[in-house]
Amino acid sequence: MATLTNFLLKPSPELASITKISPSFYCNFPSNQYFEKLKTFKPKRSLLITKATAAPDVEKKVNKDNERVQKITSMEELDEALKKAKNRLVVVEYAGKDSERSKNIYPFMVNLSKTCNDVDFLLVIGDETEKTKALCRREKIDKVPHFTFYKSMEKIHEEEGIGPDQLAGDVLYYGDSHSEVVQLHSREDVEKVIEDHKIDQKLIVLDVGLKHCGPCVKVYPTVIKLSRQMSDSVVFARMNGDENDSCMQFLKDMDVVEVPTFLFIRDGEIKGRYVGSGKGELIGEILRYQGVRVTY
């Protein structure tokens with residue numbers, strides 16, 4: 001039976017034109033040199049639309065019993081909350097008492113907290129007390145609203161001044177653990193997915209991205225939706241190339257120089273790839289590798 005190693009040695013003609021990354025980019029993982037070389041694609045429009053309601057005062061809002069957002073008032077409370085969360089995604093909003101942006105984004109975080117039961121949401125009002133000011137100094141927060149994402153007590157992502165669409169997209173991207181998309185963390189994981197679907201001959205769509213890639217985050221809700229709609233004939237999987245050495249080596253072997261890159265795999269061989277974050281283009285490519293005639 002063919003393994004991933006076998007089909008890596010036999011790239012399809014469509015892959016030959018992909019520019020290879022210089023070997024020097026991979027010498028000191030996780031050096032920033034490689035990631036600075038990677039290009040990202042800007043989506044034409046936002047993929048998520050969330051309707052806003054009137055934004056109430058942040059301090060009054062957090063006191064309602066039916067909200068899952070935990071208010072943090074000190075460094076000790078934050079550290080304890082992160083420790084308690086273990087490997088769950090934790091989203092921390094640093095807000096200001098008189099910040100209009102903080103007041104406007106907070107209702108959307110509340111809504112997310114009610115629907116994302118496997119994610120912990122925390123709120124720090126940075127200018128409320130000396131303890132919260134000290135916490136902000138420790139975390140180097142100088143602008144609000146500021147969102148920081150943690151897993152296993154490790155900071156995995158942070159952003160400033162984002163809107164509802166970006167916040168929802170980030171939560172999906174960094175917190176997805178229950179969708180139809182298979183989460184891959186090593187080369188061995190990729191090999192297993194390929195072996196598992198040689199019998200049913202399903203098309204495998206492998207989404208290769210990076211942790212801090214904006215377009216990768218924005219296209220991911222589409223990937224989740226397609227994984228549900230096409231589950232009978234297509235398997236969707238995802239790998240972040242900067243997660244560990246094994247993933248980084250996979251990017252090198254795949255000649256991935258732009259993200260997001262979608263690899264189309266069937267019968268242990270790469271049939272082609274699509275580079276970009278366009279929803280229509282991605283669907284068109286999937287249909288094409290499913291044997292459907294597509295006209296652009």
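Reader: Is Cys 213 buried or exposed?

Author: The model is predicted, so local features need pLDDT of at least 70, side-chain atom pairs count only at pLDDT 80 or more, and totals for chains, interfaces and linings use all residues. Residues are numbered from 1 along each chain as its sequence is written, and side-chain values use heavy atoms, without hydrogens and water. Buried means under 20% relative accessible area, exposed over 50%, partly exposed in between (1.4 Å probe, protein chains only). Cys 213 has a relative accessible area of 3%, so the residue is buried.

Reader: Which residue does a disulfide join to Cys 213?

Author: A disulfide is a pair of cysteine sulfur atoms within 2.5 Å. The count by this rule is one. The S to S distance is 2.4 Å, and the partner is Cys 216.

Reader: What is the handedness of the link of Cys 213 and Cys 216?

Author: Cys 216 is buried, at 1% relative accessibility. The angle about the S-S bond is 80 degrees. The link is right-handed.

Reader: In which sense do β3 and β4 pair?

Author: β3 covers residues 89-95 and β4 residues 119-125. Val 90 stands opposite Asp 120 in β4. Seven bridges join the two strands, and the sense is parallel.

Technical notes: Two strands pair if DSSP finds at least two bridges between them. Helices (H or I, at least four residues) and strands (E, at least two) are DSSP runs, numbered from the N terminus.
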